[in-house]
Amino acid sequence: MSSIALTEVTKIYGGQATVDRLDLKVREAEFLAFLGPSGCGKSTTLRMIAGLAIPDGGHIRFGARDVTRLPPYQRNAGLVFQGYALFPNMTVAENVAFGLKMRKVGKPETAERVARALDLVQLGHLADRLPRQLSGGQQQRVALARAVVYNPEALLLDEPLSALDAKLRGEVRSELRRLQRRLGLTTVFVTHDQDEALAIADRIVVMSAGRIEQTGTPGEIYATPANRFVAEFLGMSNFLPGRREGPGRFRLATGELLGYGCEGARAGGHALAIRPENIRLLPGRGAEADGHSLSARIEEVVYRGSLVEYRLSLGGGTLTVHRRNADHDPAERFEPGETVTACWRAPSTILI
Amino acid sequence: MLSRLLPPGAGFRLAMGTLAVLAFLLLAGPLATVVWVSFFQGKIIAFPPEGYTLSWYAAAWEMPRFRGGLATSLWVALAATAASLAAGVPAALYLARTEFRGREAIQSVLLGPLIVPGIVAGLALYMFLIEAEILTGVQFAQTMGGLVLGHSLIALPWTVRLVTAALVGMDRQAEEAAAVMGARPLAVFFLVTLPAIRSGLVAGGLFSFVISFVDLEKSLFLVGPGTTTLPIAIINYLEWSVDPTIAAVATAQIAAISAVMIATDRVFKLTRAF
Amino acid sequence: MVEPGVQGVSDLAATLPPGPARVRRSVPGFALLPVPALVLVGIGLILPLGLIARYSLAEFDPADIALQGLTAGNYLKFFGDPFYREVLGRTLAVAAGSTAACLLLGVPAAYAISRARSARLRSALLLLAIVPLLMGNAVRALGWMVLLSERGIVNQALTGLGLADAPVRLMYTPLAVTLSLVAVLLPFMVLTLQSVFDSISPVYEDAAATMGAPPWAAFRHVFLPLAMPGLFSGSLLVFILGMNAYASPVLLGGPAFHMMAPMVYEQAVEAFNWPFASALAFVLMAATLVLTVLSSRVLQKRYGRL
């Protein structure tokens with residue numbers, strides 16, 4: 001197991017930098033998720049770490065070893081592909097044994113290690129099946145066993161859960177996390193699914209257009225997005241346009257003065273972000289100008305099962321509010337057309 | 001040893017690359033040579049050439065057997081193309097749209113001409129035509145009719161294949177929409193189906209033409225005095241002499257077929273036919 | 001033009017939708033659509049094949065070509081005479097040798113096409129394989145005759161480089177026949193393999209590489225096993241076409257080099273021995289068919305349904 005360090009890593013496709021001077025360190029035994037929309041360079045970065053793509057600039061190190069120019073077969077990394085890429089002509093056991101065969105591990109030891117890896121993912125009983133005879137979840141676990149059986153220095157996962165149905169995904173996710181902890185694997189996980197990244201990673205790297213937008217723990221990234229991109233990409237946010245007037249003071253485009261809790265690390269200062277679940281609604285027009293409430297009119301009420309979504313119109317825009325639907329507090333139920341006061345606690349607004 | 005000097009994986013790539021280059025040389029070399037030689041000045045082909053001239057093209061054009069061969073080949077190829085489309089398109093429509101259990105059998109029969117070796121099929125048709133001649137007293141063998149029949153057969157599987165592929169690949173919902181809007185089957189076919197498979201039709205036609213034009217094995221038995229195709233004229237000439245004249249003839253054929261293929265490629269990527 | 005055999009059939013089968021196509025029964029006369037094509041094949045191929053099947057069992061009378069007698073004599077003559085057995089053996093050997101050479105060259109060529117870095121290179125290489133295929137055998141044989149003749153490029157190069165003192169006899173040798181045959185058949189191999197290779201995702205080679213397989217090992221342990229059915233069907237196709245080659249042996253083998261297809265022609269047109277020519281044609285067809293069926297049996301056993 002070793003750490004992975006990327007310095008100034010750049011990859012150019014067709015004259016454009018798909019990955020642009022990326023600096024990053026993955027700590028030993030850390031579970032790091034690359035999160036971003038498709039085409040943001042996260043998969044390319046993973047492929048460069050695996051050795052399947054050669055950087056046009058910068059360096060990649062596994063521990064102290066510079067692997068930048070090393071072909072994949074000399075890197076000793078384990079990669080789980082998006083579609084798993086299980087060899088269709090080999091049995092489960094043969095698939096798992098492949099990496100050991102390439103390392104010229106003897107037959108008895110191979111058999112023993114393959115059995116252990118398959119037990120680890122609870123597939124010992126399916127060793128002689130062909131991949132096409134397995135379910136999607138089972139195939140995923142074979143791919144995982146195949147990637148860890150030769151004790152790689154890093155485990156790389158390219159959207160490994162995207163081919164599974166929603167129900168199975170959660171299960172496999174937990175299992176993956178348990179396995180990673182147990183083996184103490186340095187893991188890089190690529191996904192475009194924010195829920196997945198939030199649920200599984202120690203740290204998340206949000207990428208867009210080949211650059212890192214923000215790095216942090218799931219809590220940090222969700223609670224204090226660095227900029228509008230991150231706030232928009234992770235979860236849902238309301239954006240109130242305006243400008244910063246001084247420390248802690250923000251003038252809305254419509255004239256009201258609001259306070260805010262914190263500033264995004266790379267804030268532009270042109271909007272306040274507030275998450276829909278952080279807004280409470282009170283009946284009637286409330287006291288104005290406390291810096292963390294606004295009067296609004298209910299335009300639409302959307303029933304969404306565990307929550308109710310209210311669409312509010314403000315003077316200059318709209319506001320989305322989510323209220324939990326658990327307790328039927330009649331005082332908190334509103335109809336379209338009602339005037340309400342939307343209020344929040346000051347720390348939950350962020351200057352973006 | 002070598003693998004230690006080269007970057008990792010280079011040995012494999014070098015070996016594969018060398019063999020691939022050799023393969024493509026083997027494919028392109030003979031054709032390039034023919035074109036080159038057709039411009040050589042000397043009547044006896046020798047390398048390097050004494051000089052270059054265009055006169056062999058004129059000489060070839062003066063030879064009735066090549067001019068006649070070209071005319072025969074063109075007419076036969078056109079007639080065979082027409083026949084293979086006329087018979088092949090309805091058959092393809094049936095194959096693509098039927099749910100009849102015997103579909104595969106019909107398909108095998110229609111693709112049969114691809115499987116039976118040309119020389120065997122040519123011999124069989126030749127003997128069959130002569131037998132028919134003996135029975136009826138009408139000449140069939142060594143006539144244009146016989147030649148066209150033989151060539152229609154080698155073109156037919158290609159038409160059926162390409163048109164069936166186009167029919168299977170087209171959007172069936174357009175046909176159904178037309179039917180729902182009140183179009184009768186014939187109107188659906190001419191207004192919706194046919195335009196949708198246009199590229200398949202053109203490709204089938206052009207392919208039939210080329211296949212017929214260059215055929216050698218099957219034609220051997222079917223040609224006769226006055227009905228000799230260009231490839232047969234070429235091979236007959238080659239049995240006696242190899243000179244720039246014949247290279248000029250061959251180059252002309254190469255140019256003509258290239259033109260047809262470029263036209264085909266415009267409407268239908270050639271690479272999809274294989 | 002040699003005819004692509006097995007590939008044609010398997011490809012069309014692949015283009016048809018699985019299961020029954022949608023119904024068209026309501027259209028009157030729909031079932032008559034394939035009739036013209038079937039009649040064409042019936043008159044032009046099936047009846048004639050029936051005729052030569054009968055003729056191959058007929059007695060030969062040089063004075064009268066009409067069909068007469070019923071005998072196995074033509075086949076007995078073929079298998080009883082060492083000369084004809086040798087022709088069959090030579091035909092098999094040339095076809096097998098050409099197939100092996102086509103594999104050796106065709107796999108890298110198809111791999112180069114299938115794994116080409118740019119789309120432009122890919123289509124250029126593909127055209128390089130398709131164009132010769134459509135030029136016909138007569139023209140390509142001419143190219144080889146020029147290349148291999150006594151004063152041809154190859155000999156000029158050999159003497160020029162000091163590798164030979166005098167021109168080497170290349171024409172009218174088995175080597176010349178095989179070489180030109182390999183060039184004739186190579187496009188079929190390359191195109192068959194290329195379409196199979198295209199269907200093998202490069203992700204398998206990537207996966208092998210991340211697990212520690214150098215290119216050669218990934219190719220041998222992962223790519224080739226996956227491509228095996230394609231290698232078999234390509235080889236089969238090339239072998240069948242090689243067995244039936246006409247232009248190459250006639251033009252580059254010379255009068256002393258006998259192979260089956262030219263012999264069919266000679267017997268029918270020059271010797272006018274229809275019964276024997278028919279028998280030869282059937283032996284040729286049977287040899288190809290038997291080998292085709294046998295090898296696809298072996299293939300299915302090893303690799304399941306193709």
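A residue is called buried when its relative accessible area is under 20%, exposed when it is over 50% and partly exposed in between, using a 1.4 Å probe and the protein chains only. By that definition W274(C) is buried, with a relative accessible area of 1%. This is a predicted model, in which local features need pLDDT of at least 70 and side-chain atom pairs count only at pLDDT 80 or more, while totals for chains, interfaces and linings use all residues. Residues are numbered from 1 along each chain as its sequence is written, chains are lettered from A and ligands numbered from 1 in the order in which they are written, and side-chain values use heavy atoms, with hydrogens and water left out.

**Aromatic rings**

- A search of the whole structure finds 30 aromatic pairs over all chains, where rings of Phe, Tyr and Trp (its six-membered ring) pair if their centres lie within 6.5 Å, and planes under 30 degrees apart count as stacked, over 60 as edge-to-face and the rest as tilted.
- One of these pairs joins Y55(C) to W274(C) edge-to-face, with 5.5 Å from centre to centre and 75° between the planes.
- Because Y55(C) lies in helix α2 (residues 35-55) of chain C and W274(C) in helix α13 (residues 274-303) of chain C, the pair ties together parts that are 219 residues apart in sequence; helices (H or I, at least four residues) and strands (E, at least two) are DSSP runs, numbered from the N terminus.
- Y55(C) also counts as buried, at 1% relative accessibility.
- W274(C) forms a stacked pair with F272(C) as well, at 6.2 Å centre to centre and 20° between the planes, and F272(C) counts as partly exposed at 33% relative accessibility.
- Ring pairs link Y55(C), F272(C) and W274(C) into a cluster together with Y246(C) and Y265(C), and with Y126(B) and F221(B) of chain B.

**Charges over rings in chain A**

- R228(A) lies over the face of F239(A), at 4.1 Å from the ring centre; a charge sits over a ring if NZ of Lys or CZ of Arg is within 6 Å of the ring centre and within 35 degrees of the ring normal.
- R275(A) lies over the face of Y222(A), at 3.9 Å from the ring centre.

**Strand β9 of chain A**

- Six of the six residues of strand β9 (residues 203-208) of chain A are buried, so this strand is largely enclosed by the rest of the structure.
- In a regular strand the side chains alternate between the two faces of the sheet.
- β9(A) pairs with strand β3 (residues 31-35) of chain A in the parallel sense over four bridges, where two strands pair if DSSP finds at least two bridges between them.
- In this pairing, L32(A) stands opposite R203(A).
- β9(A) also pairs with strand β10 (residues 211-216) of chain A, in the antiparallel sense over five bridges, and R211(A) in β10(A) is the bridge partner of S208(A).
- The hairpin of β9(A) and β10(A) has two residues between the strands, and A209(A) there takes a positive phi near 50°.

**Chain B as a whole**

- The secondary structure of chain B comes to 13 helices and zero strands.
- Buried residues make up 57% of the 274 residues in chain B.
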